[in-house]
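Reader: Could you walk me through reading contacts, cores and salt bridges in a model like this one?
Author: Gladly; let's look at it together.

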Amino acid sequence: LFRYNFQVEVNGKMGKGQAVCTLDGTVDYHGRPAIRERSGTWFAGILLLVNQGLATLAFFGVGVNLVLFLTRVMGQDNADAANNVSKWTGTVYLFSLVGAFLSDSYWGRYKTCAIFQAIFVIGLVSLSLSTYIFLLKPKGCGDEKTLCGSHSSFQSTFFYLSIYLVALGNGGYQPNIATFGADQFDEEDPNEGCSKISFFSYFYLALNLGSLFSNSFLSYFENEGMWALGFWTSAGSAALALVLFLCGTPRYRYFEPKGNPISRFSQVLVAAARKLKVEKMPSGEDLFELEAKIYEKNGDRKLLHTQGLKFLDRAAVITSEESNQIDKDTNDPWHLCTVTQVEEVKCILRLIPIWLCTILYSVVFTQMASLFVEQGAAMKTTVSSFNLPPASMSCFDIFSVVAFIFIYRRILDPYVALRKKNATGITELQRMGIGLIIAILAMVAAGVVESFRLNYAKESCPNCEGSSSLSIFWQIPQYVLVGASEVFMYVGQLEFFNSQAPDGLKSFGSALCMTSISLGNYVSSLLVMIVMSFSARDDMPGWIPGNLNKGHLERFYYLLAALTTVDLMVYIVCARWYKYIKFEGKSGGGDNNGGNELSELKV
């Protein structure tokens, strides 16, 4: 697997040579072992980062101002628009599970990325066409002064079909492009292993830089009513991203799909349940396991036995009847599973509590696309004669992400690693905890700003836009704090779930990160509904009414801060309980890194 012969030309003569291949089991486009110096690494990684930046530009060209499109063009009120945006955004990330399942089980990451990017482009083109042809009626409507008229059922259905095609395409593509990019670096090689860790930070950086154009230029044009121009720009960006992705096909490294993980998961549960009456449990060394070379042949890694969740170990207990089947190499996985297969199930079960604790953080994060925008629209948005789009304030979130990625990678992490006298620095679990703390501060800051906004509000206001003399720039602290929390939470999540997921479930690991954002949007929508149901009375329009001057949005922010504080306490308990997955390296033993002697190309 590590070397194979090939023909080379030396001084005009053909001769035999030997190429050093990757140690992680990746193959090239033709299905041959991937040559280290001719595939992957930063050439493919940078191409995928550019692809991610363009795709993100396209996605946020729709998402960042969708709440304003629903109120100005589709005629919805603030609460309904915020709920619909939360549901749509949640659906985007929920589709990430679909993409991850198809990728890990059948299609592989490359094919899955290509197909869902094509769906993404189709959705954006149909959205652009529907907006241009029949949604922007009468002509010139859709800005903050002129609302559009009503639309027929067919027009509304076509619009929702288009945006949910966008959701399907982007959702199925996102978890796979992150994992596919990480696949370009062989973690069994020390140098490439470090690059793989850095890739996730640069991936999130590319995501934010891509959205910078959407949150500034496209946001301005859409805020002025030029929705069709904004959507067509998004469609063009997505098409260019797809073309660039396909251009890198010969240079990518590929992992073969490992088959349906649901069946492997079910086999462990069934086999363990069948052995409930086993009285004496053997030690980890006496459980059933295959030789390491069998895993290496399939491009997999052997998982070492861990303590805890001992009920599942029963699936690997060898009975006298199964001992005979092993000798004949005819064991049934529904009766006897390997330790590696059992550890895969343990790994997923241990990830679930950590994953659940990240959902409430996503509730905080989703406020940037909904209530932060509505709050900004109710503040003074003019600078001299220039009208600043409320959605463009998310640029400060992006600037914060860029700055804190640099601060973390170049200053904070090396300093902590030096103090701890090891190379790990701040662990992923610690970073996610820091992200929750900063998110609490962001909600407190947003609540304080809203209290001041109400003090400067104009009481007689037919709608919320421009209803307070407090400048929109007072929102900068809350955006900066959310951006800082993203660097610790979401980058840490990407690294954590990718490193802790078994080899056959890497896309599922990235999908967990995306799905937490999805459920965060749904929980946000549910919280808004609950808050409006108990806060709205005959004499009170509720905390989040159409006219924010008559509501108490700051109470909702403080409620999120309190809930996130409770979530942080639960997270600390779960993080202390968590046990890291243990791989056996391909080079033998428990070391994940391959030998340096295989990192050279020998001819």
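Reader: Which residues does Y252 touch, not counting those up to four places away in sequence?
Author: Contact means heavy atoms within 4.5 Å. On that basis, Y252 touches V27, D28, S39, A44, L47, L48, Y110, F180, Q184, L244 and F245. Please keep in mind that this is a predicted model, where local features need pLDDT of at least 70 and side-chain atom pairs count only at pLDDT 80 or more, while totals for chains, interfaces and linings use all residues. Numbering runs from 1 along each chain as its sequence is written, and side-chain values use heavy atoms, leaving out hydrogens and water.

Reader: How many residues are in the largest nonpolar core?
Author: A nonpolar core is a set of buried Ala, Val, Leu, Ile, Met, Phe, Trp, Tyr and Cys residues joined through side-chain atoms within 4.5 Å. Buried means under 20% relative accessible area, exposed over 50%, and partly exposed in between (1.4 Å probe, protein chains only). Here the largest core has 132 residues, and Y252 is among those with the most contacts inside it.

Reader: And how many salt bridges are there?
Author: The rule asks for a side-chain nitrogen of Lys or Arg within 4 Å of a carboxyl oxygen of Asp or Glu. The count comes to twelve. In one of them, R109 meets D104 at 3.4 Å, N to O, and both residues are buried. Another joins R409 and E495 at 2.5 Å, N to O; E495 is buried, with a relative accessible area of 6%. Salt bridges that share partners also join R36, D186, E192 and R253 into one network.
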